[in-house]
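Here is a short walk through one structure. Keep the sequence and the 3D view side by side as you read.

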Amino acid sequence: MLPLELEHVTKQYGEKTAVNGISLQVKPGEIYGLLGGNGAGKTTTMRMSLGLIYPDGGTIRWNGKGYGDELRRLMGYLPEERGLYPKYKVSEQLIYLAELRGIKRKEADRTLKEWLAKFEVPEYYDKRVEELSKGNQQKIQFIASVLHDPSIIIMDETFSGLDPVNVELLKGTVKELRDNGKAILFSSHRMDHVEELCENICILHRSNTVLQGNLREIKQSFPKERVLLETKEAVPGLETIEGVTSVEKHLNGYEIRIREAGAAQRILAHAAAETDIYRYQLMEPTLNEIFIAKVGSSHE
Ligand SMILES: Nc1ncnc2c1ncn2[C@@H]1O[C@H](COP(=O)(O)OP(=O)(O)OP(=O)(O)O)[C@@H](O)[C@H]1O
């Protein structure tokens with residue numbers, strides 16, 4: 001039985017189709033990446049997955065069941081627009097939210113203190129939200145989404161507004177949640193984060209699913225069009241090799257774009273005839289390159 005399962009889910013706003021027939025499954029202990037340009041339908045998909053809005057078509061199942069009151073306890077949500085009240089104290093607000101989700105006050109209090117200690121900000125317990133910087137409010141919002149120990153967590157742009165140290169801290173925490181068996185639906189515009197965290201992904205473009213599956217397999221299915229080359233001496237004439245589309249000289253070598261696999265072998269032979277080769281690597285495309293290839297620059 002899967003924690004979260006969407007089957008051909010559709011959402012209309014008047015004439016506008018916001019989500020057109022999305023299907024996905026999030027397993028326990030998995031971070032599933034939901035990607036897409038602005039207006040592609042990610043937030044709408046997440047809000048339907050939370051049971052906050054209803055689909056117009058298709059089915060959503062949580063632990064094999066339809067919509068029900070237990071979702072409040074089951075689900076955690078880190079929304080893209082942060083929604084804490086600036087004037088209230090962190091502790092008042094977060095404990096109240098956890099109580100709404102069925103957690104006893106004392107337990108919520110204890111767990112909140114544990115989370116604040118983990119994030120090395122125990123002094124925020126008594127602070128009003130408005131007293132905290134944007135990034136630190138983000139950490140508090142993160143705690144708000146997991147304080148009631150949900151088994152399915154929906155995270156929209158989890159790391160936005162955080163400095164690099166806090167990005168690592170929260171990334172590590174997301175991985176721990178995964179390793180503890182949580183099912184996590186994760187959206188980000190940062191493809192490097194998705195590559196690091198997600199096993200399976202779905203790319204939406206203008207409401208439609210344009211690419212979906214295991215990230216490893218997706219990457220392997222795309223042609224390799226980039227060669228990294230490091231050599232003892234400079235290699236003249238790389239751009240004249242058949243199938244080479246561009247050559248960029250970096251501090252330590254070359255980054256060469258190619259049109260077809262044969263060019264990679266010709267580069268190797270050409271460079272080997274000229275000088276010693278320190279490094280030669282035919283690179284898989286990055287998720288960023290795949291995303292741009294599928295979604296292009298035609299955003300909403
Ligand atoms: N309440 C609404 N009423 C009308 N249209 C809406 C509503 N919510 C979303 N839409 C439309 O549905 C489409 C998908 O929006 P959605 O917010 O899901 O995109 P998104 O992928 O989350 O975008 P972003 O990355 O910019 O946050 C957009 O065209 C948007 O304008």
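In E7, which residue is the bridge partner of Tyr32? The partner is Leu185. The model is predicted: local features need pLDDT of at least 70, side-chain atom pairs count only at pLDDT 80 or more, and totals for chains, interfaces and linings use all residues. Residues are numbered from 1 along each chain as its sequence is written.

Stay with strand E7, residues 183-187. Helices (H or I, at least four residues) and strands (E, at least two) are DSSP runs, numbered from the N terminus. Five of the five residues of E7 are buried, so this strand is largely enclosed by the rest of the structure. Buried means that 20 or more other C-beta atoms lie within 10 Å of the residue's own, with C-beta atoms placed from the backbone. Ala183, Leu185 and Ser187 point one way from E7. Ile184 and Phe186 point the other way.

Now look at the neighbours that pair with E7. Two strands pair if DSSP finds at least two bridges between them. Strand E3 (residues 30-36) runs parallel to E7, joined by five bridges. Strand E6 (residues 152-156) also pairs with E7 in the parallel sense, over five bridges. Here Asp156 has Ser187 of E7 as its bridge partner.

Next comes the ligand. Its shell holds 13 residues, and the closest are Tyr13, Ala18, Asn38, Thr43 and Thr44. A residue is near a molecule if its C-beta atom, placed from the backbone, lies within 6 Å of it. Strand E2 (16-26) and helix H1 (42-49) are the elements that give two or more residues to this shell. H1 supplies the largest share, three residues.

Over four bridges, E10 pairs with strand E12 (residues 254-258). Arg226 stands opposite Arg257 in E12. Over six bridges, E10 pairs with strand E13 (residues 277-283), also in the antiparallel sense. Glu230 has Arg279 of E13 as its bridge partner.

Finally, step back to the record. UniProt, in an unreviewed entry, places the feature "domain: ABC transporter" at residues 4-231. The end C-alpha atoms of that span lie 50 Å apart. The span is 35% helix and 29% strand.

Key: UniProt positions renumbered as here; feature names shortened; annotations may be inferred. Buried ≥ 20, exposed ≤ 12 C-beta atoms within 10 Å, placed from the backbone.
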